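Hello,

Here is the structure for you to open. My notes follow below it.

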Amino acid sequence: MLFRRTPTGWLATAPAKINLFLRVINRRADGFHELETVMAKITLADQLRFEPRGDDEITLSVKQSFPPALGAMEMPPADDNLVVKAARLLQLSTGVREGIAITLQKHVPAAAGLGGGSSDAATTLLALNSIWQVGYSRTQLGELAAQLGSDVPFFIAKAACALCRGRGEQIEPLSLRSRFHLVLAKPRSGLSTAAVFRNCTPEPNGSSAEKWRRIAAQGTIVEAAHCLHNSLQAPAETLNAEVVDMKARFARLGVCGHQLTGSGSAYFGLCRTSRQARCYAARLRQQGVPWAVVVTTQAELHRKEALQRA
Ligand code: C5P
């Protein structure tokens, strides 16, 4: 998370993620699915502004600037927004009596499998931990984060890339040697995470994520492309014909590898260079795909940067 002071408050960025690998292992008695997934933070991010209030109220105003072809994003009422839930959870857990006015500028589409809402919630926990001088460790914040959603703890962690297990909340940082150049696109319709999981077929004996330890650290783009996998792609295709269409378009582009991210409906392709990614994104937009952008995975933080971001 990038976090800095402004004349009226604080500004923070909340990065999105992609799933380079996601294997659903089995369905658990609590209704969740046991999985192993390799998630990588990307350069696409929402922005959050925090301004102090004179009372203990938590308020949220949301702004979005998506291309008209993608359509306006339906946002839940403020009380149901994960950002407000995160702020209230921290208030409750610490007894802090301060409030906060939050402005969320959305750049990450919702119902896309990009973790936008989860990252916004994690960023809120990290930012308010500092603003309210709570002093929780990342481990303590991670425990609160897991109560908000399976992907939220990944965004609390400093790591740019991680192998995540359990329902997604057990984080093992992975070293990511190089940035991946990606073309990222989303059809107009989104997908419900719960519905996609309900329709998936677990792969208890499927190929494991272990190989990503080496590939993330020192693999080539071609090796990475070979090891892409997502158990949620098949159910997403069954539920949403636009995902099938997106897959066909990416297959024709000639990217090194491509797949759905998370439970979709966003889709990404691994490219050899940033120039190639820009060219493919432009081609998708020309074809009428409502949202196609170029991003990279986040580079591992250098020491100086890491200190600024801590
Ligand atoms: O944890 P989160 O609230 O993001 O999950 C949304 C829904 O996705 C859950 O209610 C559950 O139906 C499904 N899910 C799952 N297994 C996971 C993560 C999510 O079945 N590991």
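The notes cover the ligand site, then one cysteine.

This is a predicted model, where local features need pLDDT of at least 70 and side-chain atom pairs count only at pLDDT 80 or more, while totals for chains, interfaces and linings use all residues. Residues are numbered from 1 along each chain as its sequence is written, and side-chain values use heavy atoms, with hydrogens and water left out.

**Ligand shell**

Ten names to look up: Gly 31, Phe 32, His 33, Leu 35, Gly 149, Ser 150, Arg 167, Thr 193, Ala 194 and Phe 197 surround the ligand (a heavy atom within 4 Å). By class, four are nonpolar, five polar and one charged; Gly counts as polar here. Helix 5 (193–198) and strand 3 (33–52) each give at least two shell residues. Helix 5 has the largest share, three residues. Helices (H or I, at least four residues) and strands (E, at least two) are DSSP runs, numbered from the N terminus.

**Polar contacts**

These are N or O pairs within 3.5 Å.

- His 33: a polar side-chain atom lies 2.7 Å from a ligand oxygen.
- Ser 150: a side-chain N or O atom is 2.6 Å from a ligand oxygen.
- Arg 167: a polar backbone atom is 3.0 Å from a ligand nitrogen.

The ligand alone exposes 450 Å², and the protein buries 71% of that (Shrake-Rupley, 1.4 Å probe).

**Cys 227**

Cys 227 is in the loop between helix 7 (221–226) and strand 9 (229–230). Its relative accessibility is 13%, so Cys 227 counts as buried (under 20%, 1.4 Å probe, protein chains only).

Best wishes

Definitions and conventions
Polar contact = N/O pair within 3.5 Å; in protein donor to acceptor, adjacent residues only side chain to side chain. Buried < 20%, exposed > 50% of the residue type's maximum accessible area, 1.4 Å probe, protein only.
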